[in-house]
Amino acid sequence: MSINHIRPWRNIERRKSRQIMVGNVPVGGDAPIAVQTMTNTDSGDVKATLGQVLAAAEAGADIVRISVPDQAATAALREITRESPVPIVTDIHFHYKRAIEAAEAGAACLRINPGNIGDQKRVQEVIKAARDHGCSIRIGVNAGSLEKHLLEKYGEPCPDAMVESGLEHIKILQDNDFHDFKISVKASDVFMSAAAYQMLADATDAPIHLGITEAGGFVSGTIKSAIGLGQLLWMGIGDTLRVSLSADPVEEVKVGFEILKSLGLRHRGVNIISCPSCARQGFDVIKTVETLEERLAHIHTPMSLSIIGCVVNGPGEALMTDVGFTGGGAGAGMVYLAGKQSHKLSNEAMVDHIVEQVEKKAADIEAQMEAEKAAAEIAAS
């Protein structure tokens, strides 16, 4: 739950779901909302796939999914899971043996549709492999691949059909006494996805994986995902998410964190508050922010930075941030530290100096967090 007693209009009460484990990452319950992405390399290419996994993990991904369509992919998976710093979810469709091989190769979670794995015996074999190897399962329902009997019943993909599909798949797992699962009901249509997820949230206590599938390219997909996922998260729905973009997986992770940061649900790295710039700006705001985003990408500590071009809103924004710079005149501006005016600074020295101040503040925050952790451990001993 995100609670703010001073500003109650910012509160988000998360839906109460049961918790499962995806490797060492808790999903559901009161665990932080996990951010996922998916590799797009040839899964049989260990070097290329592991490279994307490592890059995604460095960007903040909690979990990474890999498609395993053939035996070459599951053969490579063993080395990938051994070297990966984050749990690996494997994407399985139709071939139940790939799911068994993936579980044996160290996958933390199997993403399947129990309904397209095959007959009851095959489903039971997959469930046994998951149980024997400590795998959880994600039931992945997509509007574009609904079962024939549901399309005949409803006439077209719709929220009711998606949720009914999901509940049928849940029953298959529960009938086999398997409960370590999460579920998603994705569509490329924002309205359909949002409605389906709201219905699903009322129908089960399983952890929910959010996503707007096939959302599009970087710009359009980011906007659709922010609208669709944002409204659901605001309602308290969602335990893990993936932003599905036709873009680098690292960009999916970044966008996912930005959506969570905007709602105060996760905090990672520097949150830059900047103006769109106008004729009043005392320096090139757009170029400065682009440079700072690149220069500060290595900072993982949650903190805030305001970069405002003039004094209309600059001082007010700086009051609310850890570090701030407000444009003034004559080629200089004002630096704010912890919301207070600190010193004037020339525009030429601005970027290097701000990076230095942010790094110093991040180190101070980390040191304080370590001290508080140590004090808590002493008090508990």
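Me: Where is alanine 338 found?
Reply: Alanine 338 is in the loop between β14 and β15. These names follow DSSP runs, numbered from the N terminus: a helix is a run of H or I with at least four residues, and a strand is a run of E with at least two. The model is predicted, so local features need pLDDT of at least 70 and side-chain atom pairs pLDDT 80 or more, while totals for chains, interfaces and linings use all residues. Residues are numbered from 1 along each chain as its sequence is written, and side-chain values use heavy atoms, with hydrogens and water left out.

Me: Why does alanine 338 count as exposed?
Reply: Buried means under 20% relative accessible area, exposed means over 50%, and partly exposed is in between (1.4 Å probe, protein chains only). Alanine 338 has 56% relative accessibility, so it counts as exposed. Its phi is positive, about 55°, although it is not a glycine.

Me: What makes alanine 330 exposed?
Reply: The relative accessible area of alanine 330 is 88%, and therefore it is exposed. Alanine 330 sits in the loop between β13 and β14. It also has a positive phi, near 55°, in a residue other than glycine.

Me: Why is the pair of phenylalanine 283 and phenylalanine 325 called aromatic, and how are the rings arranged?
Reply: Rings of Phe, Tyr and Trp (its six-membered ring) pair if their centres lie within 6.5 Å; planes under 30 degrees apart count as stacked, over 60 as edge-to-face and the rest as tilted. By this rule the count is 1 aromatic pair. The centres of phenylalanine 283 and phenylalanine 325 are 5.4 Å apart with 70° between the planes, and the pair is edge-to-face. It links distant parts of the chain, 42 residues apart: phenylalanine 283 is in the loop between β11 and α11, and phenylalanine 325 is in strand β13.

Me: What makes glutamate 317 partly exposed?
Reply: Its relative accessibility is 32%, so glutamate 317 counts as partly exposed. Glutamate 317 is in helix α12 (residues 314–318). Contact means heavy atoms within 4.5 Å; leaving out residues up to four places away in sequence, glutamate 317 touches Ile273, Ser306 and Ile308.

Me: Which residues does the UniProt annotation "binding site" cover?
Reply: The unreviewed UniProt entry gives Cys275, Cys278, Cys310 and Glu317. UniProt positions are in the numbering used here, feature names are shortened, and annotations may be inferred rather than shown by experiment. Cysteine 278 lies in the loop between β11 and α11 and, at 37% relative accessibility, counts as partly exposed.

Me: How does the reach of helix α13 (residues 350–380) compare with the expected span?
Reply: The expected span is 1.5 Å times one less than the number of residues. Helix α13 has 31 residues and reaches 45 Å from its first C-alpha to its last, close to the 45 Å expected. Its buried residues include Met350, Val351 and Ile365.
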